[in-house]
Amino acid sequence: MLEDYVVVDLEMTGLRAKTDRILEIGAIKVEGGMEAGAFHCMVNPHREIPPEVTALTGITSEMAAQGCEAAEAVRGFAGFSQSFPLIGHNIRFDYSFLKQAAVNYGIPLERECLDTLKLSRKFLAEAEKKTLDYLCGYLGICREKNHRALEDAKATNGLFRYLQEKFGRENPSAFLPAPFQCKVKKQGPASPRQVKRLKELAAYHGIELAIEAGSLTKSEASRLTDKILAAYGKAPTAPRGS
């Protein structure tokens, strides 16, 4: 039986680790089968929060702006989780965001993982849906807030404990964490020249950027610049020597 692990859940600005950002990290550490600690932090994504994300999570742009930087958050989580295996509901999704940030900021983060979504599909075939929301209601697992990282981590731990206690002894191999392959490329920060050009374009066309230009990666700055050029055209450049 797995007794030492960390359950983690993230809230994000969207669904893609390459282009969206972490909003919140929540985690529960279990040692010897007993809850031994919790980790929680809000993360400043340096961009406006999409309305649909605020509607789902309750996290506003004002709340997120008070959060810490992503590097600090992921470094803190890496220290909290130590070398423990990670458990999550659709852990591939959360881990890909953690891994992308870790690679960007040079933070070691290699963990074995175990997915409660995969376990639920295997052992709770009779459940109509396999979402965490549905399974919490189906199994009577209480949580104070839906779609907030720490509460969802607690709920996922409840789900895992139920599954392991009910099915783990007869199916021990299903509850063994395994190395998780998550290949991501480092995203370097936008160059000063890219930032300057983007700000000049936005100012000329009267566009209010929904993301802080200084927080962009090179690829993000390039994509956003191309998008503005395609929609609005170029800004005039000053003559040489002026």
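Tutor: A residue is called buried under 20% relative accessible area and exposed over 50%, with partly exposed in between. The model is a predicted one.

By that cut-off, lysine 154 counts as partly exposed because its relative accessibility is 39%. Lysine 154 belongs to helix 7. Along the chain, lysine 154 and glutamate 128 are 26 residues apart, and their C-alpha atoms are separated by 22 Å.

Helix 6 spans residues 132-139, and its buried residues are Leu132, Leu135 and Cys136. These lie on the same side of helix 6, because the arc they cover around the axis is only 105 degrees. After helix 6 comes glycine 140, with a positive phi near 70 degrees.

Helix 9 runs over residues 218-232, which makes 15 residues. From first C-alpha to last, helix 9 reaches 21 Å, close to the 21 Å expected at 1.5 Å a residue. Its buried residues are Glu220, Ala221, Thr225 and Ile228. Viewed down the axis of helix 9, the buried residues fall within an arc of 130 degrees, so they line one face of the helix. That buried set packs against helix 8 (192-205). On the face of helix 9 turned away from the buried side are the exposed residues Lys227 and Ala230.

The remaining helix to consider is helix 1, residues 51-57, where threonine 57 is found. Threonine 57 counts as buried because its relative accessible area is 7%, and the cut-off for buried is under 20%. A polar atom of the threonine 57 side chain lies 3.0 Å from the backbone nitrogen of isoleucine 59. With neighbours within four places in sequence left aside, threonine 57 is in contact with Glu11, His147 and Arg148.

Notes. Residues are numbered from 1 along each chain as its sequence is written. This is a predicted model: local features need pLDDT of at least 70, side-chain atom pairs count only at pLDDT 80 or more; totals for chains, interfaces and linings use all residues. Side-chain values use heavy atoms; hydrogens and water are left out. Buried means under 20% relative accessible area, exposed over 50%, partly exposed in between (1.4 Å probe, protein chains only). Helices (H or I, at least four residues) and strands (E, at least two) are DSSP runs, numbered from the N terminus. The arc is that of the directions from the helix axis to the C-beta atoms. A polar contact is a pair of N or O atoms within 3.5 Å; within protein, one must be able to donate a hydrogen and the other to accept it, and residues adjacent in sequence count only if both atoms are side-chain atoms. Contact means heavy atoms within 4.5 Å. The expected span of a helix is 1.5 Å times one less than its number of residues.
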